Amino acid sequence: MFQLRIYTLRSSEALERYAAVHWASHLPTFQKFGITTHGVWTEEGGDANRLIALIRYPATADPEQLTRQVMASPEFAADMAGFDIDDIVDVQSALMNPTSFSPIQ
């Protein structure tokens, strides 16, 4: 199961810091929990200040339960250390299954 996550940050500075420091730190943390990161992007143009990530959960995982586990971990707390969580003003997500012809399975 894949998940597309879209984070809206309060400012371009918060987006830069969140992307380069904190989200980058999530990669090994997610890997420890069996979550694969397929890509992380920042939105081009406009004033949206958005980070978009595509991740994949292990086949047998419950995405909600695994997300709660990750967020409660000391590794995740260390990833987010020094970041003001109030700088994240919105998070949207969509769980997705690949079609049979999708290049990413």
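Contact here means heavy atoms within 4.5 Å. The model is predicted: local features need pLDDT of at least 70, side-chain atom pairs count only at pLDDT 80 or more, and totals for chains, interfaces and linings use all residues. Residues are numbered from 1 along each chain as its sequence is written, and side-chain values use heavy atoms, with hydrogens and water left out.

**View 1. Contacts of Trp23.** Not counting residues up to four places away in sequence, Trp23 touches Tyr7, Tyr18, Phe30, Thr37, Val40, Leu51, Ala53 and Ile55.

**View 2. The largest nonpolar core.** A nonpolar core is a set of buried Ala, Val, Leu, Ile, Met, Phe, Trp, Tyr and Cys residues joined through side-chain atoms within 4.5 Å. Buried means under 20% relative accessible area (1.4 Å probe, protein chains only). The largest such core has 19 residues. Tyr7, Leu9, Tyr18, Trp23, Ile35 and Leu51 have the most contacts inside it. Two or more residues come from each of strand S1 (2–9), H1, strand S3 (50–56), helix H2 (63–71) and helix H3 (74–80). H1 gives the largest share, five residues. Helices (H or I, at least four residues) and strands (E, at least two) are DSSP runs, numbered from the N terminus.

View 3. Ile35 lies in the loop between helix H1 (12–32) and strand S2 (36–42). Its relative accessible area is 5%, so Ile35 is buried. Phe2 is 33 residues from Ile35 in sequence, yet 9.6 Å away in space, C-alpha to C-alpha.

**View 4. Backbone at Asn49.** Asn49 sits in the loop between S2 and S3. Its phi is near 55°, a positive value in a residue other than glycine. Asn49 is buried, at 18% relative accessible area.

How values were computed. Buried < 20%, exposed > 50% of the residue type's maximum accessible area, 1.4 Å probe, protein only.
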